[in-house]
Amino acid sequence: MAFSVSRNDVASGAIFVAFGAYFVLEATKYEFGTPFRMGPGFMPIVLGGILIVLGLAVAAKGFAHADTEEAVPWPWRGLVMVLGTIVFFAATIRGLGFIPVVLISGFVTALSSARNNPLSALAVSVGLCVLCYAIFVVGLGMIVPLFGPWLPL
């Protein structure tokens, strides 16, 4: 009898456990407190612990049964483009400014899906830029240069 597991469930459970463990470990730097006088570390530790338990339950479910469908290949295009966009955003937000970075990030992220063409990606990025401007700059009053010093405007 071959040993088979659900790759999706085990991977999902592992991600839950990793995130939960990270939050618990980071929160141990803060005072825990008691349930009636919670310290700043109380909720992250409790919620991280719950996430770990849920992750273990999902992974255990994955060991109980195998995937029924064929394993799909990893979406490398999307992974590289989305992760690259995060790095791009962090590296250029101060130099390019809010508007260009959100436009470019939205455009590249939308193109990471094979279902989008350049025109629909442009529409998504413009809509995202308007929405981010309305939420962060107008609504929350975030002080960020709209166009940075790298642009000759």
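The model is predicted, so local features need pLDDT of at least 70 and side-chain atom pairs count only at pLDDT 80 or more, while totals for chains, interfaces and linings use all residues. Residues are numbered from 1 along each chain as its sequence is written, and side-chain values use heavy atoms, without hydrogens and water.

**Two domains.** Select residues 7-62, which form domain 1, and then 76-139, which form domain 2; such bounds come from an automatic or database domain assignment. Their centres, taken over C-alpha atoms, are separated by 30 Å.

**A salt bridge.** Next, select K61 and D9, whose side chains meet in a salt bridge (3.7 Å, N to O). The term denotes a side-chain nitrogen of Lys or Arg within 4 Å of a carboxyl oxygen of Asp or Glu. K61 belongs to helix α2 (residues 42-64) and D9 to helix α1 (residues 7-27), 52 residues apart. Helices here are DSSP runs (H or I, at least four residues) and strands likewise (E, at least two), numbered from the N terminus. The whole structure contains two salt bridges.

**A helix pair.** Now select helix α3 (residues 76-96) and helix α4 (residues 98-111), which pack at about 175 degrees with axes 9 Å apart. Axes are lines fitted to C-alpha atoms over the stretch in contact, and angles run from 0 to 180 degrees between N-to-C directions. The two helices are therefore roughly antiparallel (an angle over 145 degrees). Residues in contact (heavy atoms within 4.5 Å) include F88 and F89 of α3 and V101 and I104 of α4.

**Annotated spans.** Finally, select residues 12-30 and 121-147, among those that an unreviewed UniProt entry lists as "transmembrane region"; such annotations may be inferred rather than shown by experiment. Residues 12-30 are 84% helix, with end C-alpha atoms 28 Å apart. Residues 121-147 are 70% helix, and their end C-alpha atoms lie 21 Å apart.

How values were computed:
Parallel < 35°, antiparallel > 145°, perpendicular 65-115°, else oblique.
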